[in-house]
Amino acid sequence: MTRVTRRKILKGAAAAAAGVALPVRAYAAGEAVKVGILTPLTGAGGADGPRMLKAMQAVFDEVNKAGGVDGRMFQTVVEDDQTNPEAAVRAARKLIEVDKVPIIMGTWASSVTTAVLPVCWESKTFMMTVSGADSISLLPHQGYLVRTQPTSKLQSIAHASYIASTGKMKIGVIGIQAPFAQSTKEHLDATIKAAGGSVVSHVIYEKDKSTYRSEIDQVMKANPDNLYLNGYAPDTVVVLRDLYKAGIELPKFCQSYAVPQSTLDANPPEVSEGVVTGSPSADVDSTAYKLAADRLGMREIDAYVAQATDWASLAVLTFAKSKEATGSAFKDNVRKVSQGDGVKVYSAIEGLKAISEGKEINYEGASGPCDFNEIGDIAKCRFRFTQVRNGKLEFLKIV
Amino acid sequence: MEILQLIVNGIMSGTILAVPAIGLTVIFAVLRFTNFALASHMTIGAYAGLIANATFGLPVIPSLIVAFVGAGLVGWLSDEFVLKPLRASGFITTAIGSIALTIGLENIVRFIFGNQMRGYDLPIRRDWRFSGLHISPQQVESLVIAIVVMGLLFVFLSMTRTGKAMRAVADNPMLAAIKGINADRIAGIVSFVGMGLAGVGGMLIGLDTTIDPLVGFKTVLSIFAAAVVGGFGSIPGAVVGALVIGIGEELSLLVLSPAYRTAVGFIAILLVLTLRPRGLLGARAY
Amino acid sequence: MEHYLIAMGVTAGIYAIMALGMNVIWGMAGLINLGLVGFFAVGAYTSALLTVKLGWPLAAGIVSGTALAALVGIGVSLITVRMRGDYLAIVTLGFAETLRVVMSNELWIANGTDGLSGIPGPLRGTLDPHAFNLLFLGIVWTVVAVLFVFLQRLSFSPFGRVLRGIRDDEGVVEVAGKNVVLFKAKAFAVGSGALGLAGALYGHFTSYIAPDLFAPLLTLYIKLSLLTGGLGNNVGAIVGAVLIVFFLEATRFIVPLVPAVSSVQAASLREILIAATLLLILRWRAKGLIPERIANISLPPPTAEARTQPI
């Protein structure tokens with residue numbers, strides 16, 4: 001009796017599996033270059049993933065509209081990483097083994113990236129990410145990773161220098177428990193000390209709380225003359241509201257991804273008035289940032305959107321250079337378009353044109369020059385500072 | 001003075017926890033299962049209030065009523081069609097079912113509204129300051145609203161026929177059935193009221209922050225802790241439990257890093273249940 | 001495609017080990033445990049730390065991880081022994097969350113939220129990745145088989161009967177002169193041990209663990225496995241685990257067929273589908289696809305049980 005049932009189940013499962021597999025194979029026969037997008041659409045990263053996804057797709061759409069690369073189009077395959085390493089690894093395996101994507105971009109949480117990266121390098125799949133944990137690029141990834149997010153060291157040194165340039169010397173740091181929390185505080189402290197100041201207080205809070213009043217009181221105890229908010233968007237907005245309510249008018253600094261336009265839109269303008277944000281950036285004369293913003297119909301874009309734009313553009317240009325859609329081709333050729341003495345290009349379209357004219361190129365991205373060192377980290381970059389005025393981000397300067 | 005400020009902050013956050021905690025405990029008292037779908041109903045309430053406030057421009061109080069009715073209706077429907085049929089299979093199955101329900105509902109909200117943060121269309125006010133303390137008028141308002149809601153609930157339970165019937169079912173379902181109280185109708189009303197309160201709680205939290213589809217999920221652990229510490233099934237217990245958790249989480253900052261806040265709720269549960277296995281105000285519903 | 005199926009086979013095996021462990025605690029003894037990921041984490045962290053930091057051999061690490069998870073299980077069971085089911089649910093949930101918070105904040109134990117990477121696996125590096133996955137598939141399913149035989153014997157032993165008795169009516173068992181507390185603790189020990197074992201294996205398979213891994217979502221998937229297969233039934237636990245992994249993955253292929261939805265909507269649709277399936281199973285197959293064959297097992301009348309006991 002039970003045996004029949006079991007056999008039935010197995011048959012059903014096999015039939016379902018076959019039915020499911022068919023359309024995938026049909027795609028694989030096509031000419032398109034597949035690009036795996038693995039980004040958080042649900043869970044804690046759900047606020048940032050969709051924005052990055054949109055930016056990536058905008059670039060691929062633009063390239064496809066212009067005829068692709070030698071007639072080959074780019075086809076994105078999107079999977080939700082659920083902001084969970086276990087689910088993300090399963091999704092990555094599907095992208096790699098079933099869709100046969102040579103490249104995966106878009107992971108956000110450091111834990112997700114660290115979990116997915118071994119799967120990628122073992123199967124020779126190239127990876128691009130925004131995750132900030134310093135430990136990621138130190139993994140034995142054999143070159144299958146580039147990261148457009150500067151290390152927390154590079155960022156905090158730049159941020160601290162900016163803060164020092166405003167004459168404020170007593171930083172109060174309040175931030176979320178995350179891989180970058182400790183190293184950010186240390187580098188802020190080291191840099192501001194060189195200018196004669198110090199980090200006077202450092203409070204790490206837990207994510208997902210509906211108020212951080214007491215944490216703010218704690219950080220204020222040491223009388224800082226400016227605040228460094230080291231969180232993600234959902235918690236930073238709570239901190240900003242609580243700061244406003246408490247009437248604390250100190251200069252506030254945070255990462256640009258912590259105050260995306262959606263945060264500004266969802267709150268009364270006075271909450272975020274005067275907040276200065278920093279994000280990695282290219283040279284002053286680079287048009288990449290403006291092009292990326294225009295493509296998305298925005299005035300200012302945050303660091304995540306800028307980086308997502310750069311992944312997609314780099315993928316297109318690297319493929320155009322190597323004409324080979326494999327992970328190792330991306331690994332071996334990405335630096336041939338991202339850096340070097342070639343002619344500077346600021347978008348995928350511009351780069352494609354230059355390549356077709358037989359020129360060497362050097363892509364300068366919306367998030368910076370995109371020059372990678374041997375472990376896949378941003379070698380050096382400039383920083384773009386903006387300030388919120390009346391619910392809008394206003395450009396301050398590039399350093 | 002710092003301790004006083006922490007206690008004030010704790011009372012404020014505790015009172016907001018109390019509203020959904022009461023919802024949870026009322027459902028438990030009558031229906032005898034832990035309804036994990038509380039989280040998504042808080043979210044639904046927050047979004048129902050958002051539509052009322054941001055789209056239709058209603059002020060806070062009418063928006064809260066919309067939040068109550070919206071979450072209550074969904075609560076009643078989901079109980080009628082999803083959870084009620086499961087209750088015959090025991091409380092564990094029903095509780096697991098309610099976890100699945102909450103994931104389903106959260107994602108329906110995400111499907112409709114997306115992940116973006118949204119805020120109520122309300123001015124944000126500065127804290128009142130006196131003798132070294134600072135208190136947010138928003139939170140005081142929420143405190144008053146929470147107290148009024150609790151008062152209304154008390155009147156409903158002790159004065160109206162339906163309320164009395166609910167208490168009768170909670171005390172002794174068998175006797176209530178013999179007395180001719182329609183248990184199905186009571187279950188529907190309890191689900192409506194309980195989840196409605198969750199919705200109000202969700203919106204009260206949203207008023208203080210911004211909302212996204214995870215707004216309920218983020219606070220639900222503290223709410224469970226509050227209900228358990230106070231004595232599951234006891235309404236005054238839920239209020240006391242919420243205050244204990246609220247104040248406890250704040251006072252813990254004196255000795256622990258703020259990153260350990262969630263753990264405080266758990267430690268409170270363990271302490272209380274070890275000393276008083278039925279919670280602080282020992283629920284009668286056993 | 002076959003590489004993907006192999007990797008999912010390993011995942012299914014690890015889910016099956018967890019489902020078997022949960023089945024002892026929940027299916028047989030009727031104790032609710034929402035802190036599944038906590039025990040999974042204890043096993044994973046113990047084995048990973050011992051092999052990475054102290055250079056222990058893999059087997060020793062895995063056994064220690066299993067043992068420590070079992071010990072923690074005994075501890076939790078003794079603390080919560082007099083609690084009603086619904087309190088137990090919340091306490092175990094709180095246990096797992098607290099463990100996650102501690103592992104996130106105490107950087108000195110295992111790098112906090114950065115997590116532990118480079119966890120060794122059997123012959124990793126010597127074999128090519130696909131052969132490694134195949135080897136691991138063999139290891140995991142051997143463990144499943146051994147655990148299955150062990151639990152099957154346990155389930156039909158007097159011990160298993162007492163556990164069912166506790167599940168169905170604790171009072172009767174107590175009257176029959178059994179030490180209910182001891183039996184509950186043993187059930188927790190066996191079940192948590194299996195959860196820890198699964199965690200240890202998972203760490204050695206993926207080479208990386210972090211606090212984010214131990215989110216409540218996994219607990220739900222395992223519950224789903226058990227309910228799908230049939231609670232109280234070891235065969236059901238394994239079948240259920242395989243079906244759940246199959247279903248979780250299948251939704252990836254089904255949802256893109258829905259036209260005109262954004263990616264976020266597709267992602268939420270996928271989770272709605274998973275939730276709805278569980279609810280449908282609960283509604284129409286409350287006993288699971290392979291119901292526990294209870295009539296033959298747990299009905300030696302309590303009197304017979306009592307008779308064998310010295311009074």
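These exercises, each with a worked solution, walk through a predicted model.

Residues are numbered from 1 along each chain as its sequence is written, and chains are lettered from A and ligands numbered from 1 in the order in which they are written. Local features need pLDDT of at least 70, side-chain atom pairs count only at pLDDT 80 or more, and totals for chains, interfaces and linings use all residues.

**Exercise 1. Describe the two domains of chain A and their contact.**

Step 1. Find the bounds. Domain 1 covers 6-149 + 292-335, and domain 2 covers 152-282 + 382-398. Such bounds come from an automatic or database domain assignment.

Step 2. Taken over C-alpha atoms, the centres of domain 1 and domain 2 of chain A are separated by 31 Å.

Step 3. Find the contact. Two residues are in contact if their C-beta atoms, placed from the backbone, lie within 7 Å. Here 14 residues of domain 1 of chain A meet 17 residues of domain 2 of chain A.

Step 4. Helix H12 (residues 303-322) of chain A gives the most to it, with three residues. Helices (H or I, at least four residues) and strands (E, at least two) are DSSP runs, numbered from the N terminus. By class, this side has seven nonpolar, two polar and five charged residues. Ala, Val, Leu, Ile, Met, Phe, Trp, Tyr, Cys and Pro count as nonpolar, Asp, Glu, Lys and Arg as charged, and the others, Gly among them, as polar.

**Exercise 2. Explain why Phe74(A) counts as buried, and list what it touches.**

Step 1. Locate Phe74(A). It lies in strand E2 (residues 74-80) of chain A.

Step 2. Apply the cut-offs. A residue is buried if 20 or more other C-beta atoms, placed from the backbone, lie within 10 Å of its own, exposed if 12 or fewer, and partly exposed in between. Phe74(A) counts as buried because it has 23 C-beta neighbours inside 10 Å.

Step 3. List the contacts. Leaving out residues up to four places away in sequence, Phe74(A) touches Ala32(A), Val33(A), Val35(A), Phe60(A), Val63(A), Asn64(A), Gly68(A) and Val316(A).

**Exercise 3. Work out how the radius of gyration of chain B agrees with the globule rule, then describe the chain.**

Step 1. State the rule. The radius of gyration is taken over C-alpha atoms, and the globule rule is 2.2 Å times the number of residues to the power 0.38.

Step 2. Compare. For 286 residues, a compact globule would have a radius near 19 Å; chain B has 18 Å, which agrees.

Step 3. Chain B has eleven helices and two strands. Their order from the N terminus is α-α-α-α-β-β-α-α-α-α-α-α-α.

Step 4. Check burial and contacts. Buried residues make up 62% of chain B. Of its contacts between residues at least 6 apart in sequence, 75% join residues at least 24 apart.

**Exercise 4. Describe the sides that meet chain C or belong to it.**

Step 1. Take chains C and B. Their contact uses 32 residues from chain C and 38 residues from chain B. The side of chain C has 20 nonpolar, six polar and six charged residues.

Step 2. Take chains A and C. Here 35 residues come from chain A and 32 residues from chain C. On the chain A side, the largest share, eight residues, comes from H3(A). That side divides into 18 nonpolar, nine polar and eight charged residues.
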